[in-house]
Amino acid sequence: MLLPSFRLEVVGGPDRGTTYTSSGERTVVGTHRSAHLVLTDPTVSRFHCELGAGEHGVRIRDMQSRNGTLVEGVELVDAYLRRPTTLKLGDTRLLVAPEGGAVRVPLAPGDRFGPLRGASGAMRSVFALLERAAQSDATVLIEGETGTGKDLAASAIHAASARRDGPFVVVDCGAMPRELLESELFGHVRGAFTGAHADRAGAFEAAHGGTLFLDEIGELALDLQPVLLRALESRQVKRVGATRTTAVDVRVIAATNRSLAAEVNAKRFRSDLYYRLAVLVVQMPPVRERPEDLPLLVDAVLESLGAADAPAAARLREPRALERLAAHTWPGNVRELRNHLERALAFGDAAAPAPASAPDGGAEVDISQPYRLARRRWLARFERRYLERLLAAHGDNVTAAARAAGGDRVHLHRLLSRAGLR
């Protein structure tokens, strides 16, 4: 796949005269040593913004930088630049312009990698990266929205690697308190804390000779991050309460639905740990950015449900049904699609979910009601609709749903009770 290349030139600020020509799908600008264009301007964040060329121009995304990414005084979050444009990053002015050449992005020849499916350029590019990852022992960081298949990508790397006969151990870093997580990762010795009645090996030791998958790594407590960093660098672990270390032969894959670079900027994630994890970064694209893959995804989900030949499945494959699916944004991605198809098979309704922006199905506001009453009823409808969709996207897992919504489980339970969903 060929993507148009672009050139970056610092035209103002401490690094004036510095240039960089894009060489891949994404270009990160910042002061961190792992950025593609490394600046010295102290007003620029460690990971300030990310640029990538596409059919609509150069896409630029601010990475929750400290001073923002601006064009003519307007702050950008996610936008396309269709002509030469000067960006303002802190005290730095950066010219972004087409370079006239092209960047070749490797694509896998097939439309699948392990359980993952996709014929789009975006997914075949991911498959090529996953194939590279499987051929080495390099640490991999998989980023992507909830439901994009990060866990499937991790298990597929392991299954295609030389470690396939070794264990594949999964630790969800967001599913347990900090104290339990330390023991889960590194193990403990008898008497290390209340309830530690016997020695116990942690996930690193359990994964010896295989792969350790650290899911939701962005949730890892700050005080545990240097402990994990030492384990990654030394390949040795010390059980909680122990005095000696144990050598481990482990390949580590981490995943997160956050932008770890943005977490570094916000000082919620250590930059040195990010640098150690992001040896090979894989970005899982959301479903809305690859609608051409929907027929394959529908077939794969129906097959996994054992319903590929069911009479109801034929309706879900009809062109009109697929068009309706393509018109939906799928905030829960493949997980939400799976839940939708399960309901469609059970109830015979192939229509895609209504957009989240239309909580009452798109009905007009009733202006015959007093404002406060109309507003309260509208918000109640929105809240119920949002919660229904949130739970569906996370398989009714309240903990995962709360994390994705940016809240805590107790508060989400209260909202569900108020909406009559629990």
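Colleague: Which residue in β6 does G54 stand opposite?

Modeller: G54 stands opposite G57 in β6. The model is predicted, so local features need pLDDT of at least 70 and side-chain atom pairs count only at pLDDT 80 or more, while totals for chains, interfaces and linings use all residues. Residues are numbered from 1 along each chain as its sequence is written, and side-chain values use heavy atoms, leaving out hydrogens and water.

Colleague: How many bridges join β5 to β6?

Modeller: Strands of a sheet pair through backbone hydrogen bonds, either parallel or antiparallel. Two strands pair if DSSP finds at least two bridges between them. Strands (E, at least two residues) and helices (H or I, at least four) are DSSP runs, numbered from the N terminus. Here β5 and strand β6 (residues 57-62) run antiparallel and are joined by 6 bridges. β5 also pairs with strand β3 (residues 27-30), in the antiparallel sense over 3 bridges. There, T27 has L51 of β5 as its bridge partner.

Colleague: Why is β5 largely enclosed by the rest of the structure?

Modeller: Buried means under 20% relative accessible area, exposed over 50%, and partly exposed in between (1.4 Å probe, protein chains only). Strand β5 (residues 49-54) is largely enclosed because 5 of its 6 residues are buried.

Colleague: What does the side chain of E50 make a polar contact with?

Modeller: A polar contact is a pair of N or O atoms within 3.5 Å; within protein, one must be able to donate a hydrogen and the other to accept it, and residues adjacent in sequence count only if both atoms are side-chain atoms. E50 lies in strand β5 and counts as buried at 9% relative accessibility. The E50 side chain makes such a contact with the side chain of R26, at 2.7 Å. Leaving aside residues up to four places away in sequence, E50 touches R26, T27, V28, R59, I60, R61 and M63 (contact means heavy atoms within 4.5 Å).

Colleague: Which residues of helix α8 are buried?

Modeller: An α-helix has 3.6 residues a turn, so residues three or four places apart point the same way. In α8 (residues 294-304), the buried residues are L294, L297, V298, V301 and L302. They cover an arc of only 130° around the axis, which puts them on the same side of α8; the arc is that of the directions from the helix axis to the C-beta atoms. Their cover includes β13 (116-117), α9 (311-316), α10 and α11. G306, with a positive phi near 70°, follows α8.

Colleague: What is the phi of W330, and where does W330 lie?

Modeller: Most residues other than glycine have a negative phi, and most peptide bonds are trans. W330 is not a glycine, yet its phi is positive, near 50°. W330 lies in the loop between α10 (319-327) and α11 (333-347), and is buried, with a relative accessible area of 0%. N333, also not a glycine, has a positive phi of about 55°. N333 is found in helix α11 and is buried, with a relative accessible area of 0%.

Colleague: In what order do the 5 strands of the open sheet stand?

Modeller: The order is β15-β18-β21-β14-β22, and the pairing is parallel. β15 (168-172) and β22 (280-284) stand at the edges, each with a single partner strand, so one side of each is left without a neighbour in the sheet. β15 pairs with strand β18 (residues 211-215) in the parallel sense over 5 bridges, and F168 stands opposite T211 in β18.
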